[in-house]
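Please keep the sequence and the structure in view while reading.

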Amino acid sequence: MAEAAVTAAASAPSVAVPAPIPVGAVLPWAFFVGLLALIALYFVGAEQGATSLIAGSDVHEWVHDGRHLLGFPCH
């Protein structure tokens with residue numbers, strides 16, 4: 001009985017190999033994520049003062065802590 005368990009454990013297990021993802025399927029998502037990252041970086045780093053696209057200080061207040069965390073000066 002113990003020999004049967006040892007021989008079963010010693011046999012090579014089958015390993016499932018995932019199918020490769022084509023680059024053409026990844027590029028649109030990579031572009032989209034990169035664009036979102038650039039927009040977020042703009043709002044955290046530059047949305048105040050002369051370069052402001054949105055009037056008021058609401059955006060500045062929403063991203064104020066992130067601005068300090070990333071090392072952007074703001075006041």
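A residue is called buried when its relative accessible area is under 20%, exposed when that area is over 50%, and partly exposed in between. At 43% relative accessibility, F32 therefore counts as partly exposed. The model discussed here is a predicted one.

**Overall fold**

The protein chain contains 4 helices and 0 strands. Along the sequence, the elements follow the pattern α-α-α-α. Of the 75 residues in the protein chain, 12% are buried. The chain exposes about 6,400 Å², and carbon and sulfur atoms supply 75% of this area. Among contacts with a separation of 6 or more, 22% are made by residues 24 or more positions apart.

**Aromatic pairs**

How many aromatic pairs does the structure hold? There are 2 aromatic pairs. In one of them, the ring centres of W29 and F32 lie 6.4 Å apart and the planes meet at 85°, so this pair is edge-to-face. The label follows because planes over 60 degrees apart count as edge-to-face. W29 and F32 are 3 residues apart in helix α2, which covers residues 23-45, and they are therefore separated by about one helical turn. W29 is exposed, since its relative accessible area is 60%, whereas F32, at 43%, is partly exposed.

The rings of Y42 and F43 also form a pair: their centres are 5.3 Å apart and their planes stand at 70°, so this pair is edge-to-face. Y42 is partly exposed, with a relative accessibility of 24%. F43 is likewise partly exposed, at 25%.

The table lists the two values that describe each pair.

| Pair | Distance of centres | Angle of planes |
|---|---|---|
| W29 and F32 | 6.4 Å | 85° |
| Y42 and F43 | 5.3 Å | 70° |

**A nonpolar surface patch**

Which residues form a nonpolar patch on the surface? The patch consists of W29, F31, F32, V33, L35, L36 and I39, and together these residues have about 760 Å² of accessible area. Another member, L35, is located in helix α2. Its relative accessible area is 39%, so L35 is partly exposed.

Conventions. Residues numbered from 1 in each chain as written. Predicted model: local features only at pLDDT ≥ 70, side-chain atom pairs only at ≥ 80, totals over all residues. Heavy atoms only, no water. Phe/Tyr/Trp six-rings, centres within 6.5 Å; stacked < 30°, edge-to-face > 60°. Helix = DSSP H or I, 4+ residues; strand = E, 2+ residues; numbered from the N terminus. Buried < 20%, exposed > 50% of the residue type's maximum accessible area, 1.4 Å probe, protein only. Contact = heavy atoms within 4.5 Å. Areas by Shrake-Rupley, 256 points an atom, 1.4 Å probe, with all protein chains shown as cover. Patch = residues over 30% accessible without salt bridge, like charges linked within 9 Å, V, L, I, M, F, W, Y side chains within 5 Å. Salt bridge = Lys/Arg side-chain N within 4 Å of Asp/Glu carboxyl O.
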